[in-house]
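Subject: Structure for you to look at

Hello,

Please find the structure below.

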Amino acid sequence: MARHALIVAAALLLGACSTDDVIVLRMTSWQSPEENALDLPAVRAFERAHPGVRVVNEPVPNQAEYREKVITNIVSGAPPDVLLLDGIDVPAFVEGEVLLDLAPFVGRVGIDLSWFYPNVLAMFSRGARTYALPKGFSPVVMYYNRAMFDRAGVPHPVDGWTQEEFLSAARALTRDADGDGRPDEWGAVVARPFYAWQSWIWSAGGDVLTPDGTRASGALDTPATDSALTALTNLVRYNVAPRPNAFRAVSGNETRLFYSGKLAMLPSGHWLIPNIKRQLAQGKLRLGVTSTPRVPPAEPATPLFASAWAVPRNTAHRKLAVELAAALAGPEAQRTRLEAGLELSAIPAVQEEFARRDTLGLEPSFLRQVPTGRPPWGAAIARYREVEALLPEIIDRVVISGESVSVVTADVARRIDAILAR
Amino acid sequence: MPGITLDRLSKRFDAGGSPAVAALSLEIPEGQFGVLVGPSGCGKTTVLRMVAGLEAPSSGRVFIGRHEVTELPPRDRDIAMVFQNYALYPHLNVSENIGFGLRMRRVAAADAARRVRMVAESLGIGQLLARMPAHLSGGQRQRVALARAIVREPAVFLFDEPLSNLDAQIRAQTRAELVRLQRQLGTTVLYVTHDQVEAMTMATRVAVMNAGRLEQVAAPLEVYQAPASLFVASFVGSPSINRLPGRVSDVDGTRRFVGPLAVAVGAPLLEAAILGVRPEHLVIGETAEATKATVVLVESLGPETLVHVRFDGSEEAVARVAGAYSLPIGAVVPVSVDPRHALVFDGMGQLAWPGTR
Amino acid sequence: MPRKTAASGLLQLGASAAAVAFALVMLLPFLWMLSTSLMNEFEVFSYPPPLVPASPRWQNYPEALSAMPFGRFFVNSAVLALFTVVGQVATGAAAGYAFARFQFAGRSALFAGYLGALMVPAIVLLIPRFLIVDALGGVDTVAGLVSTELVSAWSVFMMRQFFLALPRDMEDAARIDGASEWAVFWHIALPLARPALATLALFAFIDAWKSFLWPLVVTRSMEQRVVEVGVASFHGLYYANWPYQMAAAVTALVPIIVVFLLTQRYFTRGIALTGFK
Amino acid sequence: MSLPPIRLVASIVAAGVCALYAVVTVTLGQHVTARVAYARAAHEALSVARIARTGTVRPPLTVAPLLSMGSVVRVRTELERTYGRAVGRIGVVDRTLILGSGRHRAVVVPYKDADEWDIAGAVALGADVLRGVWTLSLIAGLAAMLACAQGVLAARRLAAGDAAGGHLSAAGACVALLLGSSVVIVRARLEILVASTAIGAASDGIRRLDPTAVPLPSQALATIGIFLVALAAVAAVLASVWMSSARRGWTHRRETWTAWTFLAPSALHMTVFTVIPLLFTLWVSFHDWDLLRDRKPFVGLANYREMIADPVFWTALKNTAIYALYVPVTMLLALGAALLLNRPMRGIRVLRAMVFIPTVVSFAAIAIVWQWMFNADYGLLNYILRSVGLNGVDWLGNPSTALLAVMIVSAWIQIGYQMIVYLAGLQGIPTTLYEAATLDGASRWQRFTRITVPLLRPTSVYLFVTGVIWSFQVFTLVYVMTEGGPVHSTDVLVYRIYQNAWEFRRMGYASAMSWFLFALLLALTITQWRILNRRVEHAA
């Protein structure tokens with residue numbers, strides 16, 4: 001009896017191998033349909049190269065819901081085979097031992113890690129291990145409206161300009177067009193989300209955390225950071241930036257003001273472009289890109305926000321999954337993705353070639369910002385989301401509640417220390 | 001046709017509160033028209049609902065015929081009930097309303113339809129079968145409710161104040177009709193009402209309830225003539241019985257009630273007693289034991305006249321006098337009691353003379 | 001009486017005017033939505049915002065709806081809604097009736113338990129629920145999608161309150177008429193509760209139609225997605241196509257409005273209840 | 001008399017319940033046994049892999065040894081031959097893992113090829129049948145059978161009026177059921193222990209063999225099973241107590257029975273999809289769990305302590321309480337709307353639909369639209385304020401008005417919903433009451449206060465209680481509109497919970513806050529309930 005049972009078992013096992021069952025690979029990402037469509041050629045090519053394999057694409061539009069979905073899947077022990085990983089999630093995923101180290105395998109699927117920007121790849125690597133293959137990234141830069149500058153007779157900013165120059169430009173660009181006593185064209189803006197002002201702090205020689213990433217006091221409450229924050233929040237006090245409000249950034253006023261030519265300068269990433277690509281191409285909007293203004297002797301520095309394709313350690317199809325991740329992060333796929341204008345390619349060769357073809361004049365400027373890029377704290381510290389959630393409070397309390405910068409930063413630093421010490 | 005027997009039936013709604021019905025025993029023999037009468041809130045509807053099985057008794061037993069049904073659900077008790085507000089199913093038409101019980105009992109559709117039609121015709125609502133209850137008058141609804149009860153040919157009918165929602169004229173007419181119907185079907189009836197007129201006119205057996213207890217069970221006339229208690233005496237009859245406080249003592253060797261009125265009685269000696277006299281037994285006119293009283297009000301009803309008088313001790317009484325009778329207000333008249341109809345109640349309100357049964 | 005009629009007529013007119021005004025105020029944000037759905041992608045970024053599009057861009061609708069398999073999404077949502085409505089109406093009515101009508105052992109404790117179920121934020125139940133559905137093999141299936149939605153404590157509570165307000169005499173009459181408890185429920189209580197059932201069905205439908213996170217988490221492939229997820233898809237992390245999103249959102253409203261208009265006659269025309277105490 | 005049928009039904013039901021319990025127990029026992037076998041196989045496979053890597057053993061690459069019970073086998077060549085598909089198929093087959101049937105079963109654990117690149121083979125292990133844990137399963141089954149018999153006996157005796165005998169048998173049944181349950185629980189614990197040893201070894205560095213490459217048979221299923229069994233035991237205890245209570249009559253028992261049949265579907269569903277998850281959440285609240293790790297270290301009350309010490313938590317609680325104030329206001333508006341729209345009037349259906357639309361618009365669209373309504377310079381609200389001579393307000397830029405703004409949107413959403421409930425409630429009021437009141441000379445206002453308001457009380461109670469509960473759970477709106485800002489002025493409790501659970505991946509802390517919210521709402525609702533009911537009594 002026992003033998004018979006096992007013969008049946010073996011037959012099941014081996015017989016299954018020879019049937020025409022399709023292997024299903026699941027990939028997931030946070031991508032709008034437009035973005036997701038750009039990955040499809042690479043996916044289709046992969047499917048053609050692997051008959052019998054079907055890739056089920058599970059894009060989730062928003063990053064919040066994406067997180068919920070992926071984590072739920074991981075908890076239940078069945079994560080997707082390939083997933084898109086944000087730089088900010090790397091520490092937690094690595095510490096949670098969720099991801100497969102791709103370094104031993106990439107060579108066999110035709111990927112050379114030296115292709116990638118080292119400072120981008122570094123975010124997804126720990127020592128010799130590489131946990132994900134970058135698909136693209138963006139520095140935070142200062143966009144400016146060329147038309148507004150020209151109209152106000154202000155010279156266009158150049159890379160490496162200072163916060164003083166920035167302030168005087170902002171003063172010159174702010175005006176009350178309809179004469180109601182309130183400005184309706186603004187020179188600058190103070191955004192609450194931290195990603196928009198991290199480079200401002202860095203470029204002034206300040207930071208939110210100490211270099212080892214264990215404390216905020218000693219970084220957030222230093223004179224350099226304080227004066228950078230004072231200069232930032234003073235933009236509202238000097239009436240060259242509109243008062244910030246709490247509406248979520250993605251649909252916030254700043255973007256609308258900037259798109260409508262009512263705001264001359266806006267710190268943001270490459271992701272600003274897709275919404276206005278047509279207007280740029282038609283010349284309805286003339287933009288320039290430059291570095292975040294600095295406070296000498298500090299040099300401009302900007303965070304690089306990147307995402308990458310990763311493979312969970314417990315995928316049932318390790319080889320196929322790595323091959324798919326490689327296909328999605330390969331030069332061909334990155335070239336296609338660039339058309340969306342969402343980000344820079346993580347492969348310098350691809351990005352430089354694209355910049356040469358660029359007709360809007362923006363891409364070379366972006367390329368110039370890359371060497372000033374640093375991994376954001378999120379790529380290094382698992383608790384960074386909690387830290388970042390506290391930081392808009394600084395803007396709120398200084399600008400809206402009128403507290404002094406040093407008091408607020410000291411308080412916030414204390415709370416961040418508590419979080420990091422936990 | 002079985003009768004109804006209640007054996008020490010009690011109902012207590014709150015664990016700590018006073019019982020709504022207390023150890024009530026009652027028997028309605030087979031084929032009788034039993035009326036449970038009492039003021040509102042006395043527990044009579046609760047009794048009816050316990051008989052119906054809609055309310056579970058806290059203790060005691062209910063028998064229909066020789067079967068104990070205390071634990072049976074309503075549908076197994078072979079009863080029908082007419083509710084005070086008729087409780088017609090608003091979403092079913094008249095025919096479906098009447099036939100609902102048959103449908104629940106899985107009577108064949110054709111048979112059911114025939115019976116519904118027959119009952120409806122006999123109650124004169126045959127032309128209403130397709131109507132919805134909302135489009136019926138009060139009297140028509142009442143008939144539909146009746147038809148719904150009759151059509152099932154139950155062993156027992158239960159009525160919960162079925163006439164109280166009708167206007168006076170239809171009420172009198174329906175009263176007679178119900179009695180006729182009951183005599184014709186021979187079904188045992190338990191009928192609950194607060195209206196003593198209904199009780200007196202319809203019942204073959206009247207049970208008077210007060211505060212959850214049974215005061216008296218008897219034939220209607222007996223209840224009237226020999227009420228077991230002051231409560232029954234007061235509850236039955238209109239105008240109500242005259243109640244005159246006094247005492248029973250021996251005066252000159254004869255046992256007498258002494259109060260506003262004096263009358264010879266056979267009651268035991270009582271320090272506190274109440275003389276109960278029906279208005280028609282209060283005599284206005286000179287007799288041997290007449291007492292003077294002042295006329296305070298005269299109500300002429302045509303065939304009879306009600307004379308309200310006040311005694312010295314400010315007690316009042318009503319006398320019923322046949323025919324038209326004219327007296328000026330304030331006139332002083334002699335008043336006496338027919339000793340054959342004098343009732344004496346003790347301090348607890350129990351009949352002391354001429355003797356309870 | 002002509003004076004009284006005139007006064008009451010005036011009152012009626014005033015009430016009607018108030019009703020119209022109120023409805024319009026409530027509708028304002030929606031009108032803005034409608035207007036946005038007809039703008040071109042750049043118009044929505046204008047500051048100050050235009051109230052109406054310079055020229056209505058009707059093709060937003062076909063373009064938005066063909067950007068994703070919306071036909072498929074609508075079918076999925078309809079299936080989810082159908083199961084949800086049937087499940088919640090059936091279980092809600094039965095349980096609500098039991099709580100309103102029966103005196104039974106453990107009633108108050110159980111009711112407290114049902115009420116308690118309302119008090120747990122659904123977001124923390126996501127993982128355990130997903131684990132259970134996964135263990136039962138329900139991930140990425142219709143069964144798994146609808147399983148958690150079949151019963152809702154809200155509907156039980158709502159039906160209980162409705163039944164409490166209904167007179168019991170008809171039910172007693174039916175019991176006397178020989179109906180079993182289930183027959184009383186089915187033939188008498190349910191028909192009388194039709195306004196409540198219609199309301200419950202409407203709410204269950206809306207709940208199902210608007211549900212977002214659970215369908216997103218428990219389904220995998222694009223083919224299993226529901227309308228609400230489709231609508232949200234136009235609002236990516238970086239790229240928001242608001243006219244498309246508004247067009248999809250407006251379209252997604254249509255079935256709900258239809259269901260609303262269909263069920264309205266039930267919850268706005270009560271059954272004429274006879275013989276109330 | 002019809003007592004015999006009742007007795008029969010009671011017997012059948014009791015037998016059914018107990019038989020079901022027996023089946024569940026035994027099935028669960030088998031399932032658990034299988035998991036233990038898997039864990040053991042994984043463990044053994046580890047040692048094989050260790051040997052294979054050091055090259056000391058070169059097992060034959062044939063199928064034959066696979067067929068010998070209890071031996072460990074590699075089937076590398078066969079799998080290599082059909083490489084790509086085999087890999088996929090193993091994944092699927094191994095999800096079920098238990099091969100064979102009845103007493104005869106084997107467990108297959110996959111392992112990686114020499115480059116850790118892909119699944120290259122499998123280790124098969126025959127399970128020891130009728131030994132070890134199997135005997136426990138047998139005990140559970142026997143206990144269940146015993147419970148079954150005793151339960152039937154108890155039911156019969158009670159039905160026959162022998163309360164004492166019924167008590168005795170019921171107690172026996174309870175003991176048997178509890179015995180069965182505890183056996184299952186003990187077994188489950190044991191099995192989890194063994195499984196975790198195996199997995200622990202794997203993550204210790206022997207990456208070649210990776211039992212986690214294919215997930216274990218669901219641990220969740222075992223958990224559910226345990227809960228179900230525990231629940232069955234509790235239910236059995238309750239049922240026995242109930243059946244043996246001679247205090248109440250059969251009428252009461254029948255009513256209880258009927259009520260439970262009405263409630264069973266929803267109660268069962270609630271148990272599986274709400275109670276069990278809730279208990280899971282309670283368990284998590286005493287642990288530290290970042291979702292990505294398997295480890296969930298026990299931290300005792302630390303999460304609760306942190307919650308109490310966190311000032312932002314109290315701010316969020318305060319905001320939540322203030323936010324809930326919008327409920328009564330909305331109810332008044334909704335009642336007004338319902339009364340206005342409960343009249344025959346041309347186009348009334350469309351008007352109702354117009355009021356109702358906000359309830360059904362998706363949150364994403366709501367957020368975008370209201371952003372403009374609240375815009376300080378061009379928003380409609382400020383336009384209205386200015387047109388009546390007031391100053392405009394920077395609704396979302398000002399901590400003192402931001403919460404009010406969220407409340408306004410909530411009211412806008414909820415009015416349509418509450419109006420519908422009120423409309424349905426109004427239908428329950430018989431027109432005859434109004435007619436009677438009109439005849440009695442009651443004015444319009446009197447009819448409203450004396451008839452409409454009291455008779456709508458159950459509806460209002462429903463709306464108020466659920467409204468407050470709902471308002472304490474608000475989160476999506478805050479999330480899409482303000483993310484809690486500015487300066488935490490719109491930070492509410494469930495947003496804190498959400499953020500901690502999903503953004504910060506602190507499920508333990510989030511669960512602790514959830515349980516706090518749960519307890520708070522429960523207390524609040526009970527208080528409301530008492531007050532509302534007292535008022536009902538006064539009114540009556």
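I start with a stretch to treat with care. In chain C, pLDDT stays under 50 over residues 271-277. The model has 25 contacts for these residues beyond four places in sequence. Where pLDDT is low, the predicted coordinates should not be read in detail. This matters here since the whole thing is a predicted model.

The rest of the confidence values for chain C are as follows. Its mean pLDDT is 84, with 93% of its residues at 70 or more. Confidence is highest in helix 3 (residues 70-101) of chain C, at a mean of 94, and lowest in helix 1 (residues 2-37) of chain C, at 81. For the complex, the predictor gives a pTM of 0.81 and an ipTM of 0.84.

Next, chain A. It is divided into domain 1 (22-138 + 305-356) and domain 2 (141-304 + 378-420). The centres of these two domains, taken over C-alpha atoms, are separated by 31 Å. Where they meet, 21 residues of domain 1 of chain A are in contact with 17 residues of domain 2 of chain A. About 1600 Å² is buried between the two, and carbon and sulfur atoms give 60% of that area. On the domain 1 side, I88(A), S138(A) and F305(A) lose the most area to domain 2 of chain A; together they account for 37% of what that side buries.

Which residues form the salt bridge between these domains? The count is 1, and it pairs R385(A) with D89(A), whose closest N and O atoms are 2.9 Å apart. There are also 6 residue pairs in polar contact across this interface, both residues being at pLDDT 80 or more. On the side of domain 1 of chain A that touches domain 2 of chain A, at least two residues each come from helix 4 (90-95), helix 6 (118-121), strand 6 (132-139) and strand 10 (302-310) of chain A. Helix 4 of chain A gives the most, with 3 residues. By class, that side has 11 nonpolar, 4 polar and 6 charged residues.

Chain B also has two domains in its assignment: domain 1 (4-229) and domain 2 (239-353). Their C-alpha centres lie 39 Å apart. Here 6 residues of domain 1 of chain B are in contact with 7 residues of domain 2 of chain B. The two domains bury about 520 Å² between them, 48% of it on carbon and sulfur atoms. Of the area that domain 1 of chain B buries against domain 2 of chain B, 75% is supplied by Y224(B), P227(B) and S229(B), more than by any other three residues. The interface has 0 salt bridges and 3 residue pairs in polar contact. The domain 1 side of it is made up of 4 nonpolar, 2 polar and no charged residues.

Last, some backbone details. Most residues other than glycine have a negative phi, and most peptide bonds are trans.

- P296(A) and P297(A) are joined by a cis peptide bond, with omega about 10°. P297(A) is in the loop between strand 9 (287-290) and strand 10 of chain A.
- S238(B) and P239(B) are joined by a cis peptide bond, with omega about -5°. P239(B) is in the loop between helix 8 (230-235) and strand 11 (242-251) of chain B.
- N239(A) is not a glycine, yet its phi is positive, at about 65°. N239(A) lies in the loop between helix 10 (223-237) and helix 11 (253-259) of chain A.

Regards

Conventions. Residues numbered from 1 in each chain as written. Chains lettered and ligands numbered in written order. Predicted model: local features only at pLDDT ≥ 70, side-chain atom pairs only at ≥ 80, totals over all residues. Heavy atoms only, no water. Domains from an automatic or database assignment. Contact = heavy atoms within 4.5 Å. Buried area = accessible area lost by both parts, 1.4 Å probe. Salt bridge = Lys/Arg side-chain N within 4 Å of Asp/Glu carboxyl O. Polar contact = N/O pair within 3.5 Å; in protein donor to acceptor, adjacent residues only side chain to side chain. Helix = DSSP H or I, 4+ residues; strand = E, 2+ residues; numbered from the N terminus. Nonpolar A, V, L, I, M, F, W, Y, C, P; charged D, E, K, R; others polar. pLDDT = per-residue confidence, 0-100.
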